[in-house]
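Me: Please examine the following model with me, residue by residue where that helps.

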Amino acid sequence: MTEYPPAAASLPAAPAKLPGTTWQITAWALWDWGGAAFNAVMTTFIFTALYLTGDAFGGADEATATLAFALSISGLAIALLAPVAGQRTDHSGRRKLWLGINTLIVVLLTAACFFVQPHESFLLFGCLLIAAGHVFFEIAGVNYNAMLLQISTRKSIGRISGFGWAAGYLGGIVALLIVYFALIKPEVGIFGITSADGMTYRAVAVFSALWILVFSIPVMLAIPETKPDPNMPKVGFFQSYRELFHTIARLWNTERHTVYFLVSSAIFRDGLAAIFTFGAVLAVGSFGFKTGDVLIFAIAGNVVAAIGALSAGFFDDKFGPKAVILTSLVGLLVSGTALLFLDGKNAFWVFGLILCLFVGPAQSSARTFMGRLAPEGQEGELFGLYATTGRAVSFLAPQLFGLSILIFGAQRWGILGILAVLLLGLLLMLPVKSPHHVK
């Protein structure tokens, strides 16, 4: 049994120059820039943190637990759909088409959050919209991540991946600034919008939907559609699962460290997702942050995260993705533990920014680790498995977060659930061989 396929089988041999032009790389990264409206504005800093988990929906503890359980259900849906979605786009040559379709569904679900009125009876509706948005955003991300291999080589994949993550963080800053100064800060915002009936935050949903839509257009214009594989027969939807199980069995028999990586990264990426989902919720509910504080922290945090992601690209290409991932996870555990036991805004500012610094590198290098392993023609399927394993356990961090709150009776203890997931991911990552060490 070989630990990994030879390097040439992990990625196509690097040509003399980048297969992607500067415009194609920029257009690809702009999708991440646009997606920040869903990740940063809707699910991290604004809509869920300041609105959906607020007093109007039954209080922070109850609303946060409901959101956590809704997200755990979305994780199961992603686990069932993502690998088959990636596999089928590999076969059909419609990677760009399905990226566009799933992104459009995210736009519609985000816009539908406008109808979430500030009343406890709308809590489940709002949580389900956010959870469904996660499903389709993740499936779109399967095709988006697979596109990375169309515009990079083995020597540049780390820097280009880091550039994409940085674009996402910086896009989040710009979107948050617009939201803050146009809608949240003024008593009467743009178009005469006020806070009456939750209209400020409902308008944020409409803005976010438009932001995602506009910045998803460049990648649709710049990146060519993939060609169908003539050697791959067309199969039905359920038959695709049989092929998927064959792929998993083949990986276990011949490329077992790829399976080890998929499992370990599934765990720690679930912890990373929980940091973004519940970070601002904790800032407001446990550390005394007000609306303005959250926005300022969000801007600073995204700047720090962008710096971390760009730095990760350099270190990834130089030292390999595993070194970056392990260093980042240790940094996350140390800073997260400090937040569990320290109180006050100053503590959250210091250790929250440290968390931001390490989240970006862990995310970016996990993606490049998978990219360095994906054989040509199977990028979508492998990134589908990457998404599935990442989300197959995505119920874990939200469930442990919610259960920790219920067991210990305070929102702050949700941090303990996230730390447990990150620690498990770190321990499982230790024996995984880096593709850089293949001989």
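Me: Which residues is Ile 46 in contact with, leaving aside its neighbours within four places in sequence?
Reply: This is a predicted model in which local features need pLDDT of at least 70 and side-chain atom pairs count only at pLDDT 80 or more, while totals for chains, interfaces and linings use all residues. Residues are numbered from 1 along each chain as its sequence is written, and side-chain values use heavy atoms, with hydrogens and water left out. Contact here means heavy atoms within 4.5 Å. On that basis, the partners of Ile 46 are Ala 40, Val 41, Tyr 51, Leu 176, Ile 184, Tyr 201, Val 204 and Leu 295.

Me: Which residues have the most contacts inside the largest nonpolar core, and which helix gives the most to this core?
Reply: A nonpolar core is a set of buried Ala, Val, Leu, Ile, Met, Phe, Trp, Tyr and Cys residues joined through side-chain atoms within 4.5 Å; buried means under 20% relative accessible area, exposed over 50%, and partly exposed in between (1.4 Å probe, protein chains only). The largest such core has 129 residues, and those with the most contacts inside it are Phe 45, Ile 46 and Phe 261. With 14 residues, the helix that gives the most to this core is α10.

Me: How many helices and strands are there in the chain?
Reply: Helices (H or I, at least four residues) and strands (E, at least two) are DSSP runs, numbered from the N terminus. Of the 439 residues of the chain, 59% count as buried. Among contacts between residues at least 6 apart in sequence, 86% join residues at least 24 apart. The count for the chain is 16 helices and zero strands.

Me: What is the orientation of α10 and α15 to each other?
Reply: Axes are lines fitted to C-alpha atoms, for helices over the stretch in contact, and angles run from 0 to 180 degrees between N-to-C directions. The axes of α10 (residues 256–286) and α15 (residues 396–408) come within 8 Å and cross at roughly 45 degrees. Angles under 35 degrees count as roughly parallel, over 145 as roughly antiparallel, 65 to 115 as roughly perpendicular and the rest as oblique. The two helices, α10 and α15, are therefore oblique.

Me: Which residues of α15 make the contact with α10?
Reply: From α10, the contact is made by Ile 267, Asp 270, Gly 271, Ala 274, Phe 278 and Leu 282. On the α15 side, the residues are Leu 396, Ala 397, Pro 398 and Phe 401.

Me: Is Gly 425 buried or exposed?
Reply: Gly 425 is found in helix α16 (residues 414–429). Leaving aside neighbours within four places in sequence, Gly 425 is in contact with Ser 264, Ile 267, Phe 268 and Leu 329. Its relative accessibility is 0%, so Gly 425 counts as buried.

Me: Where is Phe 191, and is Phe 191 buried or exposed?
Reply: Phe 191 has a positive phi of about 60 degrees although it is not a glycine. The residue lies in the loop between α7 (157–184) and α8 (199–222). At 76% relative accessibility, Phe 191 counts as exposed.

Me: What is the relative accessible area of Asp 197?
Reply: Asp 197 lies in the loop between α7 and α8. Although not a glycine, Asp 197 has a positive phi of about 60 degrees. Asp 197 is partly exposed, with a relative accessible area of 44%.

Me: What separates the C-alpha atoms of Thr 226 and Leu 97?
Reply: Thr 226 sits in the loop between α8 and α9 (237–254), and is buried, with a relative accessible area of 15%. Along the chain, Thr 226 and Leu 97 are 129 residues apart, and their C-alpha atoms are separated by 9.6 Å.
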